[in-house]
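Morning, everyone. Please look at the model on the screen, and I'll take you through a few helices.

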Amino acid sequence: MTSATFSTGNPALDFFYTLFNGISEVPLFSSPITGILIVAGVFLASRKAGGMMVLSGLIGAGIAILAGADYNLVTFGLFGYNSILTGMAFYSGPFVKANKATFFISIFGAAITAFTW
């Protein structure tokens, strides 16, 4: 048996898998359908939190690709979920007020989290 892979060679489809698998890895599922449902629910609750979720996931995956991480692991969502959790905690957590400073801190945290993984 081999492990599941979401790398297709199609950049648009790989982008889709990278974003939504990273989001679905937050509750430890790896399914793009689950990722779509989660991001829809978060956007329904808060546009700021939903935007930060998408942005943090893309930043984490982008930093991982630039740092030379295995592309199969990136499309599987393993570099997006930690960055998503970090970005959302710094920007839209229960004890922070969303402003420019927390926005930049959350972006920086999402980028650094991809390295620490």
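In which helix is Asp-14 found? Asp-14 is in helix H1. Helices here are DSSP runs of H or I with at least four residues, numbered from the N terminus.

Two ground rules. This is a predicted model, where local features need pLDDT of at least 70, side-chain atom pairs count only at pLDDT 80 or more, and totals for chains, interfaces and linings use all residues. Residues are numbered from 1 along each chain as its sequence is written, and side-chain values use heavy atoms, without hydrogens or water.

Back to Asp-14. Asp-14 is buried (under 20% relative accessible area, 1.4 Å probe, protein chains only). Asp-14 has no salt bridge, meaning a side-chain nitrogen of Lys or Arg within 4 Å of a carboxyl oxygen of Asp or Glu. The nearest side chain of opposite charge is Arg-47, 30 Å away. Beyond four places in sequence, the contacts of Asp-14 (heavy atoms within 4.5 Å) include Tyr-71 and Thr-75.

Now the packing. The axes of H1 (residues 11–24) and H3 (residues 47–66) come within 9 Å and cross at roughly 115°. Axes are lines fitted to C-alpha atoms over the stretch in contact, with angles from 0 to 180 degrees between N-to-C directions. Phe-15, Thr-18, Leu-19 and Ile-23 of H1 make the contact with Met-53, Val-54, Leu-58 and Ala-61 of H3.

H3 also meets H6 (residues 100–116). Their axes come within 8 Å and cross at roughly 40°. Residues meeting there include Ile-59 and Gly-60 in H3, and Ala-110 and Ala-111 in H6.

Notes: Helices (H or I, at least four residues) and strands (E, at least two) are DSSP runs, numbered from the N terminus. Buried means under 20% relative accessible area, exposed over 50%, partly exposed in between (1.4 Å probe, protein chains only). Lys and Arg count as positive and Asp and Glu as negative; His and the chain ends are not counted.
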